[in-house]
Amino acid sequence: MINNVTESGLQRRADLISARKNAYFRRVRKIKRIITHLVLILVAMFAVFPIYYIIVNSLSPLATLASVSVTSMLPILSRISFGNYQALFVFQHGVLLRTWLTNTLIYAGTSSLLGIALSITSGIGLSRFRIPGRKAILYMLLILSTFPFVIMVIPFYDMFSTLHLTNSYIGLIIPYSASAVIFAAWMNKNYVDSIPRDFEEAAQIDGYSRTQALFRILVPMTKPVIILTLLLAFFGPYTDYALINVLVSKNSLWNMALGMYATTQISSHAINYGMFSAFAVIMGLPIFIIFIIFQKYLVSGFSITMYK
Amino acid sequence: MFRSKPNVNGVRARYEWKGMIFILPVLVVLAFLDFYPLGISIFLSLTNRSIAHLFVYQIVGLRNYAAIIGSGTLFKILEQTAVWSTGSIVLMAGFGFLLALLMTQPGISGSRIYRTSYLVPWAYPAFITILVWKGLLDYQLGFVNKFLALFGISKIFWLGLPSMAMLSMMIVNLWLSFPYYTYVYTASLQSVPKELYDAAKMDGYGTFGVLGNVTLPLLKRQIAFITVFGFVFTWNNFYIPFLLTNGGPGTSTYILVSYTYYEQTALLQYGIASAYAIISVLFLLVFVILINRYTKMMSVLY
């Protein structure tokens with residue numbers, strides 16, 4: 001009966017209901033959070049596992065892919081051996097690791113430095129000057145990024161063999177730096193666009209000429225994009241396979257990607273999987289470490305310079 | 001092109017030729033290492049050049065194009081390329097966006113650890129990790145099948161059946177690319193002002209209501225741009241089809257790029273290969289122009 005229910009009784013009932021409701025919502029939120037973490041942890045395992053797999057394999061005395069098993073994946077310290085790494089540095093099965101490592105560093109180092117040095121002013125030119133045909137150049141840079149590299153392979157081979165540049169360092173450094181110039185110009189331009197003009201104008205009021213102001217004030221301010229493009233220009237040639245495979249035939253001029261493919265992938269099952277794993281670690285880990293160190297530039301810089 | 005444009009005051013502003021010096025390397029590269037080779041490529045697609053006609057070859061007009069259309073190979077490869085690009089982008093962009101939504105929830109502890117571990121596939125060179133995945137997915141000896149056996153699941157032909165091979169390529173592409181999509185979508189989600197979310201919550205919208213009425217409409221253009229260029233990049237992605245399956249089994253996983261490369265380096269049919277490359281470029285250009293007409297996504301660039 002409604003008359004029997006006192007005022008305070010109603011209040012108590014309302015409190016009880018809202019407390020139950022709160023508890024319910026808290027439980028839902030808790031379950032939601034647990035599911036979120038579960039998903040995030042599973043994805044993290046999916047992301048990390050292949051790298052863990054290759055590192056463990058490189059440190060265990062494996063013969064072939066057949067000897068990889070679920071139990072051999074467990075991290076047991078006493079099983080660690082460096083035999084695969086030692087084997088890699090001794091010349092056997094046609095592995096010229098030291099030569100390929102040197103070549104890779106020459107290709108990637110020279111072409112990234114050259115390409116980025118040549119494109120250091122291009123962002124300023126495209127962003128700050130009223131150049132004839134500016135829009136056309138920008139559209140061309142953007143459209144070129146949709147072209148597959150395979151369209152260039154045969155023409156490059158023709159051009160460089162006419163110039164006697166196949167099987168040479170220069171014949172590879174030229175196309176590598178050229179592609180660096182193109183994407184670096186685009187990224188540089190977008191980055192300079194995001195810098196207000198006030199800085200160079202202030203410098204001009206202080207008595208610098210325009211060129212001086214651009215070089216002394218604006219160029220130092222583009223440091224983040226220079227680091228970003230330098231790294232990207234280094235990563236490209238470091239793992240190039242498709243172009244160098246066409247332009248170079250001597251194995252003394254191979255890079256690590258060609259060397260790895262030729263010595264560990266051609267006959268699939270018979271290969272020494274431990275050696276492949278060690279190769280994968282030696283070749284990949286330096287890039288991985290550089291990426292993690294410079295992740296600030298690579299991850300955030302990417303979105304600033306590709307689109308705003 | 002050489003006429004100067006009027007500026008704001010109606011006075012004809014002069015072109016600054018000095019700026020040309022700043023972009024001289026870009027112009028040289030564009031002319032000699034992009035347009036000249038491109039011209040050669042277009043020319044070669046109109047010739048019968050191949051290993052048999054290496055130095056002495058004739059212009060055959062559009063016969064290469066007619067041949068690859070007539071043989072049906074083009075449509076098969078085109079279909080595979082479309083399946084590969086669409087499937088990949090749906091998986092990658094969808095997964096990346098979901099993950100970004102999960103990570104930007106307020107009060108998720110340990111998100112730094114998650115973010116760092118998601119960087120791993122992006123940071124390790126793809127050339128190597130694709131070969132690692134090839135070993136992982138091996139039918140007889142691969143770790144994935146050995147692991148699934150623990151749960152009583154029988155061995156799966158990851159790379160040996162046409163449909164499974166295409167799916168495996170997409171899974172590997174998902175592994176390689178989801179970090180990128182997660183990061184860019186996280187960045188764009190964080191660019192939405194927090195007050196808008198609070199206001200929408202006040203109005204009584206649930207999680208999906210906020211997503212559909214606030215987040216998506218605001219980020220429409222950015223998402224379109226990221227997704228379309230992801231599609232273009234996937235269309236031209238060479239290393240996954242080349243290293244993981246190398247077109248096999250049969251020709252069921254060739255896409256335009258890897259098939260062009262195969263024509264160039266294995267069949268040595270340079271004229272035909274160039275025709276494939278040109279067709280691929282034409283498709284992408286039409287695609288990007290059409291999409292841009294409807295979404296105006298290029299406006300995020302200017």
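This is a predicted model: local features need pLDDT of at least 70, side-chain atom pairs count only at pLDDT 80 or more; totals for chains, interfaces and linings use all residues.

**Entry 1: a helix pair in chain B.** I began with α12(B) and α13(B), which are roughly antiparallel to each other. Helix α12 covers residues 256-265 of chain B and helix α13 covers residues 270-295 of chain B. I looked up the angle between the two and got about 165 degrees, with the axes 8 Å apart. Angles over 145 count as roughly antiparallel, so that is the label for α12(B) and α13(B). The crossing of α12(B) and α13(B) came out left-handed.

Which residues make the contact? From α12(B) I listed Leu256(B), Val257(B), Tyr259(B), Thr260(B), Glu263(B) and Gln264(B). From α13(B) I listed Tyr270(B), Ile272(B), Ala273(B), Tyr276(B), Ala277(B) and Ser280(B). Sorting the residues of this contact gave me eight nonpolar, three polar and one charged.

**Entry 2: chain A as a whole.** How many helices and strands does chain A have? I found 14 helices and zero strands.

Next I checked how spread out chain A is. Its radius of gyration is 29 Å, while the globule rule gives 19 Å for 308 residues, so chain A is more spread out than a compact globule. The box filled by the C-alpha atoms of chain A, taken along the principal axes, is roughly 105 × 70 × 35 Å. I also looked up burial: 40% of the 308 residues in chain A are buried. As for contacts in chain A with a separation of 6 or more, 76% of them join residues 24 or more positions apart.

**Entry 3: where the chains touch.** Chain A puts 68 residues into the contact and chain B puts in 72 residues. Which helix gives the most on the side of chain A? That is α1 of chain A (residues 7-58), with twelve residues.

**Entry 4: one residue, Arg216(A).** I found Arg216(A) in helix α9 of chain A, residues 210-221. Is Arg216(A) buried or exposed? It counts as exposed, because it has 12 C-beta neighbours inside 10 Å, and 12 or fewer is the cut-off for that label. Leaving aside neighbours within four places in sequence, Arg216(A) is in contact with Ala203(A) and Tyr208(A). I followed up on Ala203(A): Arg216(A) and Ala203(A) are 13 residues apart in sequence, and their C-alpha atoms are 9.0 Å apart in space.

Technical notes: Residues are numbered from 1 along each chain as its sequence is written. Chains are lettered from A and ligands numbered from 1 in the order in which they are written. Axes are lines fitted to C-alpha atoms, for helices over the stretch in contact, and angles run from 0 to 180 degrees between N-to-C directions. Helices (H or I, at least four residues) and strands (E, at least two) are DSSP runs, numbered from the N terminus. Angles under 35 degrees count as roughly parallel, over 145 as roughly antiparallel, 65 to 115 as roughly perpendicular and the rest as oblique. A crossing is left-handed if the near helix is turned anticlockwise from the far one by less than a right angle, and right-handed if clockwise. Two residues are in contact if their C-beta atoms, placed from the backbone, lie within 7 Å. Ala, Val, Leu, Ile, Met, Phe, Trp, Tyr, Cys and Pro count as nonpolar, Asp, Glu, Lys and Arg as charged, and the others, Gly among them, as polar. The radius of gyration is taken over C-alpha atoms; the globule rule is 2.2 Å times the number of residues to the power 0.38. A residue is buried if 20 or more other C-beta atoms lie within 10 Å of its own, exposed if 12 or fewer, and partly exposed in between; C-beta atoms are placed from the backbone.
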